[in-house]
Amino acid sequence: MAWEFDNSKPIYIQLVDELKLRIISGMMPIGSKLDSVRDLAEEAGVNPNTMQRALAELEREQLVFSQRTSGRYVTDDTELIKKMRKDFANQKINELTTTLLQLGYSKKELIEIVTLFLGEE
């Protein structure tokens, strides 16, 4: 998957967000081993120190853990991942709702839009 960066926030924060999304979406399965810092940095096109900083943040958030001799792994804490997934979804829904309300949509219209989008009646 391509790494895309913008100028709205620091690269390491964007790396944290992207890796977090990959973990909570299951693209990086529970308990899976992460590639080396060097390989991840090369894949993302960033300096290894920047990737190291992002991974340290993920360790602080307990989404990733290190084993001294064998590397880094995705947490096996399914409850933490479920909570972060729910928090992420709530954040995105809040952002979308805020934007659409600013565009003048009513709450009833938002429900209609979502219902149409999901194809439900």
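**View 1. The burial of T75.** T75 is buried, with a relative accessible area of 7%, where buried stands for under 20% relative accessible area, exposed for over 50% and partly exposed for what lies in between (1.4 Å probe, protein chains only). The model is predicted, so that local features need pLDDT of at least 70 and side-chain atom pairs count only at pLDDT 80 or more, whereas totals for chains, interfaces and linings use all residues. Residues are numbered from 1 along each chain as its sequence is written, and side-chain values use heavy atoms, with hydrogens and water left out.

**View 2. The loop that holds T75.** The loop between β2 (71–74) and α4 (78–102) contains T75; helices (H or I, at least four residues) and strands (E, at least two) are DSSP runs, numbered from the N terminus. Along the sequence, the protein follows the pattern α-α-α-β-β-α-α, with five helices and two strands.

**View 3. The side chain of T75 and the backbone of D77.** A polar atom of the T75 side chain lies 3.0 Å from the backbone nitrogen of D77.

**View 4. The contacts of T75.** When its neighbours within four places in sequence are left aside, T75 is in contact (heavy atoms within 4.5 Å) with I30, G31, Q62, L63, V64, F65 and I81. In the protein, residues 24 or more positions apart account for 48% of the contacts with a separation of 6 or more.

View 5. Of the 121 residues of the protein, 29% count as buried, and the C-alpha atoms fill a box of roughly 55 × 30 × 25 Å, taken along the principal axes.

Methods: A polar contact is a pair of N or O atoms within 3.5 Å; within protein, one must be able to donate a hydrogen and the other to accept it, and residues adjacent in sequence count only if both atoms are side-chain atoms.
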